[in-house]
Amino acid sequence: MKSLQELVRPNIWSLAPYSSARNEYAGREARVFLDANENPYNQPYNRYPDPLQLELKAAISKVKGLKADCIFLGNGSDEAIDLPYRIFCRPGLDNVVAIEPTYGMYRVCADINDVEYRTVTLDEHFQMKAESVLAACDEYTKLVWLCSPNNPTGNCLKREEVVKVIDGFPGIVIVDEAYSDFASQPSLRSELGKHPNLIVLNTMSKAWGCAAIRLGMAFASEEIIGIFNKVKYPYNVNLLTQRQALEAMKDPFEVDKWVRTLLLERSRMVDAFKLLPICKQVYPTDANFFLARMTDAISIYNYLVDKGIIVRNRTRVQLCQNCLRITIGTKTENNELLSALRQYQ
């Protein structure tokens, strides 16, 4: 790996971060707050939230098995996806490499930041070869994006190929594990100590059932997280989000129960889809959704919309022609979908 100073944009490396009012007395007790031009009424919503979310990070640290200093919290995973572009990539000069198909926000953030986005197409089993990813990189490649379990395909990438990319690439490798709670493959966050160039993303939106609060996570070395905190906006995670996330963290066993239930439903739905005459193939999945190749995805999608049932039409995505992506819902919701599809003509 190149040194962080070599990888980080020079203006970011020398950036003097904004010092918020709450940062300046950190670690000391305070009773009277007359520093931030806040309204003294309407507590507790009149006060700016903790800019570093220390209480919440301590709770997440226990659940995820990482030091709090190795955790970044953002306004959804979108912030954790956008920040590496702003930190590492010089607009109009540097590039990133990603697999294809994969989550669309990696490309959107590249376009917003004026960074070239290079793709390496997966094979027919939606797997990648590390040598192909590394071959697409050059001296201006700063980031490699890998999503595992991948979206929209649902499968985990082969662990040995992912590690080959991490070890073989001198820049930053970002592995998005938004759906890892549904997979049997262990998370890579436990191997951060072995890979100083690794960033692992996670979210409260999937297994934790908290999509509405918009809380994304990035796990990395203390040095990389320190740069994230330097570049992020001062109060990027609001008080309501922090409180709800803390409440959710009190009962991780409830989340485990949700996951077990969804995995059982996933198995049932996959088996049921395989019996549908309009379904040609169901791809292996490690997520809370599956990808199914249909006889006519556009027609079937429109038919379901007319019945008030919304799935994701992925037919225009590379390698996903005539494919629908099906999220696992409640048993009642899943049965309604199956009933509608069995009546499709």
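1. A residue is called buried when its relative accessible area is under 20%, exposed when over 50%, and partly exposed in between (1.4 Å probe, protein chains only). By this criterion, 52% of the 345 residues in the protein chain are buried.

2. The model is predicted: local features need pLDDT of at least 70 and side-chain atom pairs count only at pLDDT 80 or more, while totals for chains, interfaces and linings use all residues. Residues are numbered from 1 along each chain as its sequence is written, and side-chain values use heavy atoms, with hydrogens and water left out.

3. The protein chain contains 12 helices and 11 strands, taken as DSSP runs (H or I, at least four residues, for helices; E, at least two, for strands) numbered from the N terminus. Along its principal axes, the C-alpha trace spans about 70 × 50 × 30 Å.

4. An open, antiparallel sheet is formed by four strands in the order β8-β9-β11-β10; strands pair if DSSP finds at least two bridges between them. Because β8 (279-282) and β10 (312-313) are edge strands with a single partner strand each, one side of each is left without a neighbour in the sheet.

5. β8 is joined to the antiparallel strand β9 (residues 289-294) by three bridges. Cys-279 has Met-294 of β9 as its bridge partner.

6. Helix α10 (residues 252-274) packs on this sheet, touching β8, β9 and β11 (323-327), and its direction makes about 5 degrees with that of β9. Contact means heavy atoms within 4.5 Å; axes are lines fitted to C-alpha atoms, for helices over the stretch in contact, with angles from 0 to 180 degrees between N-to-C directions. Helix α11 (residues 297-306) lies across β9, β10 and β11, at about 40 degrees to β11.
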